[in-house]
Amino acid sequence: MATETQSQPADWPGRYFHIDQVLNTPGPRTDESFLAGDGVKDFLRNKSKILVIGAGGLGCEILANLALTGFKDIHVIDMDTIDISNLNRQFLFRPKDVGKSKAIVAAEFIMKRVPGVKVTPYFGKIQDKDDAYYMQFNLVICGLDSVEARRWMNATLVNLVDPEEPESLKPLIDGGTEGFKGQARVILPTITSCYECSLDMLNKQTAFPICTIANTPRLPEHCIEWASVLEWPRVRGDLKLDTDDPEHIGWLYKIALARANEFKIEGVTWSLTQGVVKNIIPAIASTNAVIAAACCNEAFKIATSSAAYLNNYFMLIGTDGVYSYTFEHEKRDDCPVCGGEALEMTLKPTTTVEELIDILVEKQDIQIKKPSLSTPTKQIYFQAPPQLEEATRPNLEKKVSDLVPPGGEVTVTATTLPFSLSLRISYSE
Amino acid sequence: MIKIWSMKKNEDAAAKKKPKTSAAQIRVQKDLTELDLPPTMKTHFPDPADLLNFTLTITPDEGTRFLLLHISQSNSANNTSGMYKGGAFVFSFAINTNYPHDPPKVKCTQTIYHPNVDLEGNVCLNILREDWKPVLNLNSVMVGLQYLFLEPNADDPLNKEAAQEMSKNRDQFLNNVRASMRGGHIKGTQYDNVLVR
Amino acid sequence: MSQEAQDIQDSTTAIVAESAPDAKTRRYDRQLRLWAASGQSALESSRVLVIAGTATSTSVLKNLVLPGIGHFTILDPLEVTPEDAGNNFFLEGPSSIGKSRAEEAVRLLCELNDGVDGKADKRSLEEVLENDKEWLSDFTIVIAHNLDPKLLQRLSEYLWSDTTFPPLVVVRSAGFLAEFYIQYHEHSVIESHSETTPSLRIDKAFPALLDYATTLDFENMDVTDHGHIPYVVILVRVLEDWKKAHNGLPPQTYAEKKEFKQGIMAMRKKSDEENFEEAEAQAYRSWTATTVPSEISELFDDPKVKSVTPSSPPFYHLVNALAKFVQEQPSHTLPLSSTLPDMKASTSAYIHLQTLYKRRAEEEKAAFKSYLQVPIAEDMVDAFVKNSHALKLLRGKQWGAVDKDGAALVKGGEVAPKELSVHLALSALSSVIDKSQPGAPLTPTVEALTEEAQALLPGGASLPDDFDNAVGEVARAPTADLPNVAALLGGLVAQEVIKMITKQYIPIHGYCTIDLVDAWTGTLKLSDLKP
C-alpha cells in the first residue's frame, strides 16, 4: 500500500518558472479559450485529476513527466510486478524492487522525488474498476503493451460519453513503442477516430502454419513453436505454460534444440526461445522517453489549452535518422465501438419483442432485415443459429419492458447493417 | 479542458451513447446470427447464455462443392470425397474477448484419423493461424473445417502417417478412415467412434 | 577436408545447450534484441560528457545510463536554483537547492545502474577551454544543451579542429520548440539494420545452385516433394530454360514477363502448389539484374577508399577490398549473403539450399578477404560482408555552418520551410543572447527575433511563412526548459548518441527540429541544403 508521505513542503518560489512561461502567455497557435495566468494554473495544479494506465516502460516516464509539469492528483493502475528485464528502461525501479507491484513502487518513488504530488496506485486490472471510477478523471493516458487492454479502455471511455454532460468526455492519450518505433495519439471519444477504428493498422503477429511446425520446420522459430504449441501440451499435459518460469523455458529450449539438431537447423538459442514463446518486443528507454513525453505534452496542452493539441496521430521511426509522421487518422463509420447508429426509441410498456422487431423492420430509414437483439447481459432474440433461435423464441411474446429497464440499451445486428445499431429504450406512460 | 468540453456541445446532441456491450460481444452476435451453414453443420451451446464457448458438429456428406474464399487447402482429392461420410466430428470453439483481433481457438474434441488433424485435436487450417484476419468470421472458419473432410490435404499434414497412407496407398487409407471412424485401432492408436448413431 | 568428412563432423558435434542467461543479460534482454552483444560492448566502453546539468541534459543521460554506457561526466559549475529544482527529475526538489547541480544529478543518475560510472566536474566550460581543452578528447562523445552561444562556438571549433576528436551533439530548446545537431566529420555504419534484403542472385546463379536447379527432376517427382521445391530453385530452373530459348536473355518485355510467369504456373502438378505461387510472386527476381547499389558504388570512388594506407580506418580498407572484389570477381556483384528467407519448402530441400548458399557465401568471403591489405577482425569482416548492400558513410559539417551559408538557408526554406523556421527561430534566439549582457533577463520580442533571423538570410530572401508560428513560441518562452520537451529531447538525443556509439542504425545527418505544439519532428538534411 502507498504510505503516507511526510508533510510535503508547499510550492517554493520559482518552482514553476519554466512551465509558467507557457501558462502566462499564449502563443501564435493557442486557442482563444486559453485562460492565461492563475486560472489555468489553478485548474492544472489543484483541480485536474489524471489517470495513467500502465506503470511499465511508458508508465514510469509518464508519471515523472506529469508530476514535473504540475499535475498533482495522479492515479495509476498496473497489474504487473517488477521483473529484472524491466530495469533497462523502467527507471523508477531498482533491483531490490523485483517482484513488487509496479504501480505501488512507481507511485511511492514519484511522491518521494516530486514534493506535493499525490500518486494513488492500484495494483490490479483495469477491468476491476467501474464507470464511476473512470468518471472521476479529466484525462486518461495509456502506456500499455496489450491490444486487449487498450480496446477495453477505449470502449469504456467511448461509452462514458454522455452528451448531456460535457465533462463525461475524457480524452484518451495512447502511446505505444516497439524497439526504435512508436506512436502517440489523442483520442477524443466519439469525436475523433478511436483505438478500435485503427485496429487494422496493427502489425500482424507472426504465426507459422501448424503443419510447417509439425512437418517441415525450416527456421529455428519453427522448432521453438513445435516445442511450445505441440510438445508442451502433449507431454506436460494440463500444466499451464508459464513463460516467466525458467524451468518451463529451459524445457522448451531443450526440446526445440533437439528438434533443430535433428533437422540440421541452426539458431535455436535460449534468448530466441524466450523471445518467441513470450512474444518479446524489444524495448529501450529512449523510445519510451520520446513517446511518453509526446503523450504527456498532449495531456498538458489539453488540460491547459496552452497550445494546440495533436490531431491526432504521431508516428515515430528512429532506425534511419529521426523520421516521424503526424497525421489525422479518420474515424470509421462502421467502427464497432464509436461508429454505427444509435437510436432513441420510446415504446409502450406493453410493446412485445416481436412488435419491436416489426417496428425496426418497417423503419424506412434504417432498412433492417432479420434483426437479432440483445442487451449487454442477455440475448433477447437471435435469428440464428437454430438452438439459440429456439432458446430465445419465447421472448418474442414478452414485453420489452420486462427485459429492458427504462434507459436500457439494446444491440441490434443484422446482415443489412454495416456493423450494429444500438437502441436506447424508454417507455411512454 | 474547457476547449474539449465545449466541443461536444457543438455536435448534434442526438444521443450517441453507445451500449455497454463489448465490441467482441457484438461481433460474435453478428457472426453467429448471420451464420449460413449447410445442413451438414450444427452448432451447440452447452450454456446458451455463453456465446464464446460452443461446439460445431460436422457430418460430412458426398462433398457438395462450396465456393471457398481465403482457404488454401487442397482441392486435388478426386475419389476421396465422401470418405468421412457417416461420421459426426465435433470441434470446440473458444473465443476470447480480444476477438476478432485474435482468431477463435478451435480443436477437434475426438481422436480422429485425418491427415490435417493430429491426435491431440490440433487442426491445420491456415485461417485459424497464419492467415487469420479480423475481416474473416466464424462462418469462414466453419466452412473451412468442413472442407477438410471433403478434401483432406496430404501435402501439408499434421498426422504424417495418415497423410503418407493417403498419398501412397489410397485404398489402405480409405480402409483406415472407415476403421478409425468405427473406433478401431490403427498402428497402436485407438480412435474414437464417430459414427452417427 | 572432404565434404563428406565435413558433414560427418557437423553431425557428430556434441550439442551444447546453454543454460539460463545471467542477471546482466536478463537486465539488458530487451535492448540486446536491437543491438546485440557487439552494440552493448561498444556502449559499455563509451565515455560521455554532458555540459550543463539542465533538465534536458539529465533526461538524455538517464536514457544512456539505463542501457549501460561505461562512464559519464557532467560538467557544470552552477548550484541548483529553485527553478532547476522544479523541472529536473534528477534533483531532489527543494532539498537540492544550493548544492552542486552536477553532483546532485550524478548521484541520482548513478542510482539507475550500478554498472555505470558517473562523475561530477564542477569546472566551467570556459575554464576547460582555457586551461585543459585536451581533456575534452578523452570522451567518446560530447553533448551540450543550451550553451552560451560564444562558448558553444569555441567548443565546436575546438572539437572540429581534429578529425579524431569526439563528435559534439548540440541541443537547443525554448518552450515547445527544440533542435539538435550532431557535429562529426564522418560516421561509417556497417550494421545499418536496413530493411532492404540482399540479392538472392537468381539472375546470376552460382554454379552449385545452377547445377542443383537444372538437374532436379521436376517431372518425375513425387507430388508432395513437387509441392515443396523452394521457389528459388524453381526460378533458377525456369530462367535457365527461358534463356536457352531466348538467346541467353532473361524476359525483357511485359509480354515476355507475363509469359515467363505463365510458364511457372504451368509447371504445377496441382492447382494449389503454394511454392509455385511464391515463385510467380517472386518472378521479378529473375529479370532484375543483381547490381551494386549506387550508394555503394559511389563509395568505391571515394578518395579515402582509393588511397588507403595501412593506418586508414578498417572501414576504408573493407570498402577498398569490396571495390576490388566487385571489379575482379566474375559475377561483378557484392559478396553473396548467406541469409535465405523462409519459403515454402520441405525441411530437406530448404536446408540443402541453405547449405549451398552458406557454402558459396563462405567461398566469396574468402575471396573478399584476399583483397584486404591489412588484417581485420573476423567478426567485423563477417558483419561487413553480410551488410555490404547497406553500408553507410555520412560526412558532416561543423555545427552552425548552415547559418553562415545563405544559399543553404534559402534552399532549406524551399525544401523544408517548417523545419527551417524552427531552426531560424532558435538561431535568432542565440543571436539575441549573444548580444545581450550576461545575467540580464532574457525577454526578446518577436520583432527583435525576427530581425535577427532575417539577418541570417542573404539580402532579398524572405523568411518562410511558418516562421511566425515558430518565433512566437520562442518569444513566449525563451528560457523555458519544459519537462515534456526535455523528456522528448532526452529520448531522441540519447537514441542518436546510442547509434553513434554502437555504429549501428543510421544517425541523423542534419538538423533535427521539433515542434511540440503541432507535435511533429523533421530534419533539415545536409544533403538537401546543397544549392
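Guide: Two residues are in contact if their C-beta atoms, placed from the backbone, lie within 7 Å. This is a predicted model, in which local features need pLDDT of at least 70 and side-chain atom pairs count only at pLDDT 80 or more, while totals for chains, interfaces and linings use all residues. Residues are numbered from 1 along each chain as its sequence is written, and chains are lettered from A and ligands numbered from 1 in the order in which they are written.

Visitor: How many residues does the contact take from chain A and from chain C?

Guide: Chain A contributes 74 residues and chain C 72 residues. Helices (H or I, at least four residues) and strands (E, at least two) are DSSP runs, numbered from the N terminus. On the side of chain A that touches chain C, α11(A) gives the most, with 12 residues. That side divides into 40 nonpolar, 24 polar and 10 charged residues; Ala, Val, Leu, Ile, Met, Phe, Trp, Tyr, Cys and Pro count as nonpolar, Asp, Glu, Lys and Arg as charged, and the others, Gly among them, as polar.

Visitor: How are two packed helices described?

Guide: They are described by the angle between their axes and the distance between the axes. Axes are lines fitted to C-alpha atoms, for helices over the stretch in contact, and angles run from 0 to 180 degrees between N-to-C directions. In chain C, helix α12 (residues 254-266) and helix α13 (residues 274-281) pack at about 170 degrees, with their axes 9 Å apart.
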